[in-house]
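This report describes one protein model for a reader who has not seen it before. The sequence and structure come first, followed by notes on two residues and on the whole chain.

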Amino acid sequence: MFRVLFLLPVLLCFLWFMFLRHYGVPIKQGKKGFLYILAFSAFVLGFFVLIMQFTHYSPIEF
């Protein structure tokens, strides 16, 4: 799961870009959406790091 977690912001930004293109909204006007996506992804990453610290889990361990 951790190996593909970096795809979350990439996929969400791509989908947002496609949404903007579909409805003809300029990228400059939809810039705030990209910032929200990056902030949400940073929050998710921070949450997982915090939980890993609480449980003493290392992604290398199986």
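Beyond its neighbours within four places in sequence, Ser41 is in contact with Leu8 and Pro9. The model is a predicted one. Ser41 sits in helix 2, which covers residues 31-55. Its relative accessible area is 10%, so Ser41 counts as buried, the cut-off being under 20%.

Val25 is found in the loop that runs between helix 1 (7-22) and helix 2. With residues up to four places away in sequence left out, Val25 touches Leu20 and Gly30. Val25 is partly exposed, because its relative accessibility is 29% and that class lies between 20% and 50%. From Val25 to His56 there are 31 residues in sequence, and the C-alpha to C-alpha distance is 45 Å.

The two residues are set out below.

| Residue | Relative accessible area | Class |
|---|---|---|
| Ser41 | 10% | buried |
| Val25 | 29% | partly exposed |

What does the secondary structure of the protein come to? There are two helices and zero strands. The C-alpha trace spans about 45 × 20 × 10 Å along its principal axes. The radius of gyration of the protein is 15 Å, whereas a compact globule of 62 residues would have one near 11 Å.

On burial, 16% of the 62 residues count as buried, and Ser41 is one of the buried residues. The protein exposes about 5500 Å², of which 76% is supplied by carbon and sulfur atoms.

Notes: Residues numbered from 1 in each chain as written. Predicted model: local features only at pLDDT ≥ 70, side-chain atom pairs only at ≥ 80, totals over all residues. Heavy atoms only, no water. Helix = DSSP H or I, 4+ residues; strand = E, 2+ residues; numbered from the N terminus. Buried < 20%, exposed > 50% of the residue type's maximum accessible area, 1.4 Å probe, protein only. Contact = heavy atoms within 4.5 Å. Rg over C-alpha atoms; globule rule 2.2 N^0.38 Å. Areas by Shrake-Rupley, 256 points an atom, 1.4 Å probe, with all protein chains shown as cover.
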